[in-house]
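Visitor: I like to see each label checked against its cut-off. Could you walk me through this one?

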Amino acid sequence: MFHLLAQHQSFKDRFPHTPAFERFKPADVPNRQPWMTPEKRQAVADYDNATLYNDSVMGMLFQHFRHDNAVLVYLSDHGEEVYDAHDNMGRRCDAADPASLRLQHEVPFVLWMSDTYRQRHPEVVARARAAQHRPYMTDNVGHLLLGLAGIRTPYYIKERDLLSPAFRPQRRLLHGTDDYDQLCGGQ
């Protein structure tokens, strides 16, 4: 298990300040909203550079494990709004419009498998392909990991394992009560 600092604030501290990772500049930020100041454009550029660096670290991990019988699961612990839909940076959940909700709650979720793993576990590959558009909550990732690892425990719930044939989508709730899919128009 690897824990990356990734895109947590302060974004400018989350990537090496080298030409390879200082690719994005404030002038590259296309957002022309009235709230976009030079400082906010810099924050967006720093966020994009932190994302570029995070992706390069993931690429190195994929490269490192490419010859092993390996599966890697990557996900973010939260989303982030960085002046995309509103004059807001962070995870302020009082804006209940679909754009803010998506930016703050939809996260990258990658299931990477080495060629060796794919050859040895074609049934997992098929289940992963079948699951790629299922609505899912990262709250249930533990069940996915237990299933992938073949760990049998009474804590494993196959209906919450994204790759299980018994998987059943759960209501995706915010704050334990607000139905995410209803708030976002059922998407």
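Guide: Gladly; we will take charged pairs, then an aspartate, then the nonpolar cores.

Guide: This is a predicted model, where local features need pLDDT of at least 70, side-chain atom pairs count only at pLDDT 80 or more, and totals for chains, interfaces and linings use all residues. Residues are numbered from 1 along each chain as its sequence is written, and side-chain values use heavy atoms, with hydrogens and water left out.

Visitor: What makes Asp 87 and Lys 40 a salt bridge?

Guide: The term asks for a side-chain nitrogen of Lys or Arg within 4 Å of a carboxyl oxygen of Asp or Glu. The N to O distance for Asp 87 and Lys 40 is 2.6 Å, so the pair meets the definition. Asp 87 lies in the loop between strand 2 (81-82) and strand 3 (89-90) and Lys 40 in helix 1 (residues 38-65), so the pair ties together parts 47 residues apart in sequence. Helices (H or I, at least four residues) and strands (E, at least two) are DSSP runs, numbered from the N terminus.

Visitor: Why is Lys 40 called buried?

Guide: Buried means under 20% relative accessible area, exposed over 50%, and partly exposed in between (1.4 Å probe, protein chains only). Lys 40 has 18%, so it counts as buried, while Asp 87, at 39%, counts as partly exposed.

Visitor: How do you know that Arg 102 forms a salt bridge with Glu 106?

Guide: Their closest N and O atoms are 3.9 Å apart, so this pair also falls within the limit. The structure holds 4 salt bridges, including one between Arg 172 and Asp 181 at 2.4 Å.

Visitor: What makes a group of residues a nonpolar core?

Guide: A core is a set of buried Ala, Val, Leu, Ile, Met, Phe, Trp, Tyr and Cys residues joined through side-chain atoms within 4.5 Å. The largest has 12 residues, among them Met 113, Tyr 117 and Phe 167. Helix 4 gives the largest share of this core, 4 residues.
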